[in-house]
Amino acid sequence: MDKRKLGELEVSALGLGCMGMSEVYGPVDDAESIRVIHRALELGVNFLDTSDVYGDGHNEELVGRAIADRRDQVVLATKFGIRRVVGGGVVETDNTPEYARAAIDRSLARLKVDAVDLYYLHRRDPAVPIEEAVGAMGELVTAGKVRYLGLSEVNADTLRAAHATHPISALQSEYSLFNRDFAASVLPVALELGIGVVPYSPVGRGLLTGDLDTLRNLPDGDFRLMLPQFQGENLGRNIALAERVHGIAKTIGVTPVQVALAWLLAQDEHIAPIPGTKRVKYLEENAGAAAVRLTEAQLAEITSVVPAGSVSGDRYTPAGLAAVNL
């Protein structure tokens, strides 16, 4: 697996998003999830992404169990700043220094590690100046509990102010062939500042995986049923877009998810997507994308069949959108 730099932090070109191992995408199986993490490390996928809010701490505990005897193989990222998510997608945030100090100690205890490699502010709390929040995070670096700092879903002005307070290594935001607003507004600033970019939901929350029948029949409890892009006529239009990607993938001789991930990897050498999965077979498919080298002609064709802004519906509910790009 090729490596990429997020600031001074080196990670595998593709990471592993662990959220779905604990919540939002249907039933979970801890034993299978641990097998996925172990297989990821065998394949050279060493960049593991979790958060204290995923499964209300369950995800950090799960990752901690999985890496207990192989900590030295892992670049471990977790997050803080979301107290909880309530009905309708409303996010309650807390960025106070007191909360940051308490949150890292709880995360370290669940993960059973002495320090995390990358610590993100998961969502910004507008009531707390970003300089105050990042300043407190910087104190965690000095204390040896955190190696590098990251932010998630902030706008360009916030990113600049944060980076001026303490070096920011990584910016995590939703970014995919389907959701490209980030590329126009924030990505250029991140790269200008030398901040690596970590796209989450890099295959459009499953729209670009190729499993279109499943998308048409999502089970009750699946988080995506709340999202505008997966509702009514929007879903039909977006599946039609996805089918265009499937056609290109067939021509190239790879899978649709590999096209989507390879397209992202080709956007810049400091981009390291974190596709999530809880099944070994999908992990192996994702990891295979790191070896796919798309030609300039193929990249142009992919971009042309899914033009920026062509996806139907917002990526979050209005309540969810209120918590991002702050």
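On a 1 Å grid over the protein atoms alone, a cavity is a set of points where a 1.4 Å probe fits but cannot get out, and a pocket is an open set with protein on both sides within 12 Å along at least five of seven lines; lining residues have an atom within 4 Å of a point. Grid points are joined across faces, edges and corners, and volume is the space filled by probe spheres set on the points. Rolling a probe the size of a water molecule over the atoms shows where empty space is left.

The model is predicted: local features need pLDDT of at least 70, side-chain atom pairs count only at pLDDT 80 or more, and totals for chains, interfaces and linings use all residues. Residues are numbered from 1 along each chain as its sequence is written, and side-chain values use heavy atoms, with hydrogens and water left out.

The structure holds one cavity of 30 Å³ or more. The volume of the largest cavity is about 50 Å³. Its lining consists of Leu14, Gly15, Leu16, Val45, Pro275, Thr277, Leu283, Asn286 and Ala287. Six of these residues are nonpolar, three are polar and none is charged. Here Ala, Val, Leu, Ile, Met, Phe, Trp, Tyr, Cys and Pro count as nonpolar, Asp, Glu, Lys and Arg as charged, and the others, Gly among them, as polar. Helix α11 provides the largest share of this lining, three residues. Helices (H or I, at least four residues) and strands (E, at least two) are DSSP runs, numbered from the N terminus.

Stay with α11. Its buried residues are Leu283, Glu285, Asn286 and Ala287. Buried means under 20% relative accessible area, exposed over 50%, and partly exposed in between (1.4 Å probe, protein chains only). These buried residues pack against β3 (16–17), α1 and α10. Contact means heavy atoms within 4.5 Å.

Next comes α10, residues 256–265. In this helix 10 of the 10 residues are buried, so α10 is largely enclosed by the rest of the structure. The cover over its buried residues includes β1 (3–6), β11 (196–200), α9 (232–252), α11 (280–288) and α12 (296–305). Among the buried residues are Pro256, Gln258 and Trp263.

The nonpolar core follows. Such a core is a set of buried Ala, Val, Leu, Ile, Met, Phe, Trp, Tyr and Cys residues joined through side-chain atoms within 4.5 Å. The largest one has 104 residues, and Leu16, Phe47 and Leu159 touch the most other members. Helix α10 gives the most to this core, with eight residues. In soluble globular proteins, nonpolar side chains tend to be buried together. Leu16 also lines the largest cavity. Not counting residues up to four places away in sequence, Phe47 touches residues including Leu6, Leu16, Val75, Tyr120, Val198 and Ile274.

Now the open space. The second largest pocket has a volume of about 430 Å³. It is lined by 21 residues, and Asn179, Arg180, Asp181, Phe182 and Arg315 are the closest to its centre. The lining has eight nonpolar, seven polar and six charged residues. Helix α6 gives the most, three residues.

Charged pairs come last. A salt bridge is a side-chain nitrogen of Lys or Arg within 4 Å of a carboxyl oxygen of Asp or Glu. The structure holds 23 of them. One joins Glu32 and Arg35 at 2.9 Å, N to O. Both residues lie in helix α1 (residues 30–42), three residues apart, about one turn of the helix. An α-helix has 3.6 residues a turn, so residues three or four places apart point the same way. Glu32 counts as buried because its relative accessibility is 14%. Arg35, at 46%, counts as partly exposed.

A second salt bridge links Glu174 and Arg205 (3.3 Å, N to O). Glu174 is in strand β10 and Arg205 in the loop between β11 and α8 (212–216), so the pair ties together parts that are 31 residues apart in sequence. Glu174 is buried at 3% relative accessibility, and Arg205 is buried at 8%.

Asp222 and Arg224 form another salt bridge, with their closest N and O atoms 2.9 Å apart. Asp222 is buried at 4%, and Arg224 is buried at 11%. Elsewhere, salt bridges that share partners join Glu153, Glu174, Arg205 and Arg315 into one network.
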